[in-house]
Amino acid sequence: MKRFYKQVSVAPTEGGFQIHLDGRPVRTPSKAVLVVPAGALAEAMAAEWDAQTDTIDPAAMPLTRHANTAIDRVSPQRAAVVGEISRYGENDLICYRAEWPTDLAERQARTWNPLVDWARRRYDVNLTVTAGIMHRRQGEDALQRLARAVDSLSDWELAPLHTLTTITGSLVIALALREGEISPEAAFEAGQLDELYQVEKWGEDSLAQKARESRRADLLAAARFLALLRTA
């Protein structure tokens with residue numbers, strides 16, 4: 001789509017802020033008026049729209065994409081989204097460890113054990129850690145506590161949390177990032193630990209590297225979205 005507007009602005013409205021294009025409010029793909037709850041987030045989204053050149057590139061507007069998801073997908077089917085995110089707790093990445101090679105197992109323990117301990121302190125969740133890839137279901141009490149943690153979040157937080165969880169393969173990593181326990185870069189490295197280990201040992205081709213950088217960019221954008229929600 002060609003850029004059809006000249007001026008981008010932010011305007012306060014009931015319930016938050018709108019992004020205006022030549023005085024007209026931006027709408028989501030489902031045609032809902034896009035009202036953002038935080039001014040800092042609205043300003044950052046306006047900057048995305050203003051940065052578009054002759055052609056509008058939705059891929060270059062990740063904050064707007066998350067906002068659209070919160071309104072068009074999360075709000076109408078919140079229970080389904082909460083369930084989808086919560087199910088990652090059943091097979092959380094940080095609970096499945098290698099037995100060999102030993103340096104990989106040691107790296108996993110060094111990176112993931114603090115997150116297991118954090119989940120215990122923060123949510124009173126006792127996660128079962130196992131070696132190998134065979135599924136071992138977590139206890140029902142732990143799963144219910146994690147699901148309650150997800151359900152306590154707003155629709156605006158659930159949209160980026162879904163991205164964080166799918167990229168890292170870990171609900172615990174996503175929640176830890178959301179609460180400031182780990183940085184976005186640390187969260188990405190924790191979620192990609194096994195892949196990065198293999199790259200160190202064997203190298204990689206350009207396509208795999210490009211795909212990983214794309215995931216990293218998506219994770220950083222989701223983390224920024226969460227941070228902007230909390231900024232006045």
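Q: What covers the buried residues of helix α2?
A: Let's start inside this predicted model, where local features need pLDDT of at least 70, side-chain atom pairs count only at pLDDT 80 or more, and totals for chains, interfaces and linings use all residues. Residues are numbered from 1 along each chain as its sequence is written, and side-chain values use heavy atoms, with hydrogens and water left out. Buried means under 20% relative accessible area, exposed over 50% and partly exposed in between (1.4 Å probe, protein chains only). The cover of α2's buried residues includes β4 (35-36), α1 (39-50), α3 (78-86), α6 (155-168) and α10 (206-229).

Q: Which residues of α2 are buried?
A: Helix α2 spans residues 62-74; helices here are DSSP runs (H or I, at least four residues), strands are E runs of at least two, and both are numbered from the N terminus. An α-helix has 3.6 residues a turn, so residues three or four places apart point the same way. The buried ones in α2 are Pro62, Leu63, Thr64, His66, Ala67, Asn68, Ala70, Ile71 and Val74.

Q: What covers the buried residues of α3?
A: In α3, the buried residues are Val81, Val82, Gly83, Ile85 and Ser86. Their cover includes α2, α5, α6 and α7 (171-178).

Q: How many helices and strands does the protein chain have?
A: The C-alpha atoms fill a box of roughly 60 × 40 × 25 Å, taken along the principal axes. Of the chain's 232 residues, 44% count as buried. The chain has 10 helices and six strands.

Q: Which residues touch the most other members of the largest nonpolar core?
A: A nonpolar core is a set of buried Ala, Val, Leu, Ile, Met, Phe, Trp, Tyr and Cys residues joined through side-chain atoms within 4.5 Å. The largest one holds 68 residues. Those touching the most other members are Ile19, Trp49, Ile94 and Leu127.

Q: Is His20 buried or exposed?
A: His20 sits in strand β2 (residues 16-21). Beyond four places in sequence, His20 touches Gln7, Val8, Ser9, Ala11 and Pro25, where contact means heavy atoms within 4.5 Å. With a relative accessible area of 14%, His20 is buried.

Q: Which side chain makes a polar contact with the side chain of His20?
A: A polar contact is a pair of N or O atoms within 3.5 Å; within protein, one must be able to donate a hydrogen and the other to accept it, and residues adjacent in sequence count only if both atoms are side-chain atoms. For His20 the distance is 2.8 Å, and the partner is the side chain of Gln18.

Q: Which backbone nitrogen does the side chain of Gln138 reach?
A: Gln138 lies in the loop between β6 (130-131) and α5 (140-151), and is buried because its relative accessible area is 3%. Leaving aside neighbours within four places in sequence, its contacts include Asn126, Leu127 and Leu143. At 2.7 Å, its side chain reaches the backbone nitrogen of Thr128.

Q: How far apart in space are Tyr197 and Glu213?
A: Tyr197 belongs to helix α9 (residues 193-202) and is buried, at a relative accessible area of 4%. Not counting residues up to four places away, Tyr197 touches Pro101, Asp103, Leu104 and Arg107. Tyr197 and Glu213 are 16 residues apart in sequence, and their C-alpha to C-alpha distance is 16 Å.
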